Amino acid sequence: MNVTLRQLRAFLAVARFGSFTVAAEHLYTTQSALSGSIKELENALGVQLFDRSTRRVQLTEVGRELYPLVEKILADLDAVLHEVATLKALKRGIVRIAAPQLMAATLLPEVLASFTREFPHVAIRLIDCGVESVPACVLSGEADLGVGPERDVPGEIEAELLFVQPFHAVFRPGHPLAAQEVVPWRRLAEFPLITLQGQFTEKLSRDLHEVVRDLDLHPDTTVAFMSTALAMVSIGLGVTICVSYAEPMVRRYGLEMRRLTEPDVHRRFFVFTRHGRALSPAAEAFHIHLRRFVGNGTAAGV
């Protein structure tokens, strides 16, 4: 049995208007094409749906039984198509983004504000978490996409380069490092160093050591979050290291930052998505907006 939507819509129109002529006008088709659709439907079902006379067209008993069922099928289908069109036009939708706590507090609010101005009907869920948890949120489906620094990720996760940023030293105003426009990495050894625990410091140490064999990090204190490190720096417990996009939070703590050099070491940041899983229209729109926002250098330090 091969029943088409065109045939069902033709059946519904003729039943409603009781006229092939009026139904054809309503469907923007010819009367002969409409009659052909009805005949095809009757042949496919093996029953007659209309009693035809020179004066009027009436539903048969089978046609009357079929009418409410077809009406519901097409109403449900139209509702689905309307919902798809609404989502595609970004008149509704939701996008879920996973990001490290520092990025969620600095770079992403600017991106989200810009996105909301362009797409006010799309809801946003920002999952601020530890750096290592970002790919896991994407893998589990908790987030549509993640944004964060390079990490070892499962094979199911795709990592797309978003931007690259240098490292900066962060210190209190009046600190000896403030007199320099850029700060050599070796000078950090002169002061108590506070860094982030885990892969942040481990990878940075490896990167430095690969460029300059005898250069390495020897932190006095490691903490889980940059906000903790900045708070400790603000009361004079040492200096810390961050990337450019952290500048808004650095300024909130009343601190200063200088680019670290000799050697120049950078950190790469990626957009993480699930391999083989298509993004929703809302998530895809945010992905495009994020790349455009960062590419235009709109955010501080990006």
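How many nonpolar, polar and charged residues does the lining of the second largest pocket have? By class, that lining has seven nonpolar, one polar and three charged residues, where Ala, Val, Leu, Ile, Met, Phe, Trp, Tyr, Cys and Pro count as nonpolar, Asp, Glu, Lys and Arg as charged, and the others, Gly among them, as polar. The model is a predicted one, in which local features need pLDDT of at least 70 and side-chain atom pairs count only at pLDDT 80 or more, while totals for chains, interfaces and linings use all residues. Residues are numbered from 1 along each chain as its sequence is written, and side-chain values use heavy atoms, with hydrogens and water left out.

**Pockets**

- A pocket is an open set of points on a 1 Å grid over the protein atoms alone, where a 1.4 Å probe fits and protein lies on both sides within 12 Å along at least five of seven lines; its lining residues have an atom within 4 Å of a point.
- The largest pocket has a volume of about 370 Å³, a volume being the space filled by probe spheres set on the points, which are joined across faces, edges and corners.
- Its lining consists of 23 residues, and Val131, Arg151, Leu196, Phe200 and Ala224 are those that lie nearest the centre.
- At least two lining residues of the largest pocket come from each of helix H5 (101-105), helix H8 (199-211), strand S10 (239-243) and strand S12 (266-274); helices (H or I, at least four residues) and strands (E, at least two) are DSSP runs, numbered from the N terminus.
- By class, the lining of the largest pocket divides into 15 nonpolar, five polar and three charged residues.
- The second largest pocket holds about 160 Å³ of space, and the residues that line this pocket include Trp185, Arg186, Phe191, Asp216 and His218.

**Cysteines**

- A search of the whole structure finds zero disulfides, a disulfide being a pair of cysteine sulfur atoms within 2.5 Å.
- Cys129 is in no disulfide, and the nearest cysteine sulfur, that of Cys137, is 4.3 Å away.
- Cys129 counts as buried because its relative accessibility is 14%, given that buried means under 20% relative accessible area, exposed over 50%, and partly exposed in between (1.4 Å probe, protein chains only).
- Cys242 is also buried, with a relative accessible area of 1%, and its sulfur is too far for a bond because the closest cysteine sulfur, in Cys129, is 19 Å away.

**A buried glutamine and an annotated span**

- Gln165 lies in strand S6 (residues 157-171) and is buried, with a relative accessible area of 1%.
- A polar atom of the Gln165 side chain lies 3.2 Å from the backbone nitrogen of Ser244.
- In an unreviewed entry, UniProt lists residues 223-246 as "transmembrane region", and such annotations may be inferred rather than shown by experiment.
- In the model, the span 223-246 is 38% helix and 25% strand, and its end C-alpha atoms lie 16 Å apart.

**Backbone details in loops**

- Glu262 and Pro263 are joined by a cis peptide bond with omega of about 10 degrees, and Pro263 is placed in the loop between strand S11 (256-261) and S12.
- Glu262 has a phi near 55 degrees, a positive value in a residue other than glycine, and counts as exposed at 56% relative accessibility.
- Tyr28, in the loop between helix H2 (20-26) and helix H3 (31-45), has a positive phi near 55 degrees and counts as exposed because its relative accessibility is 77%.

Notes. Polar contact = N/O pair within 3.5 Å; in protein donor to acceptor, adjacent residues only side chain to side chain.
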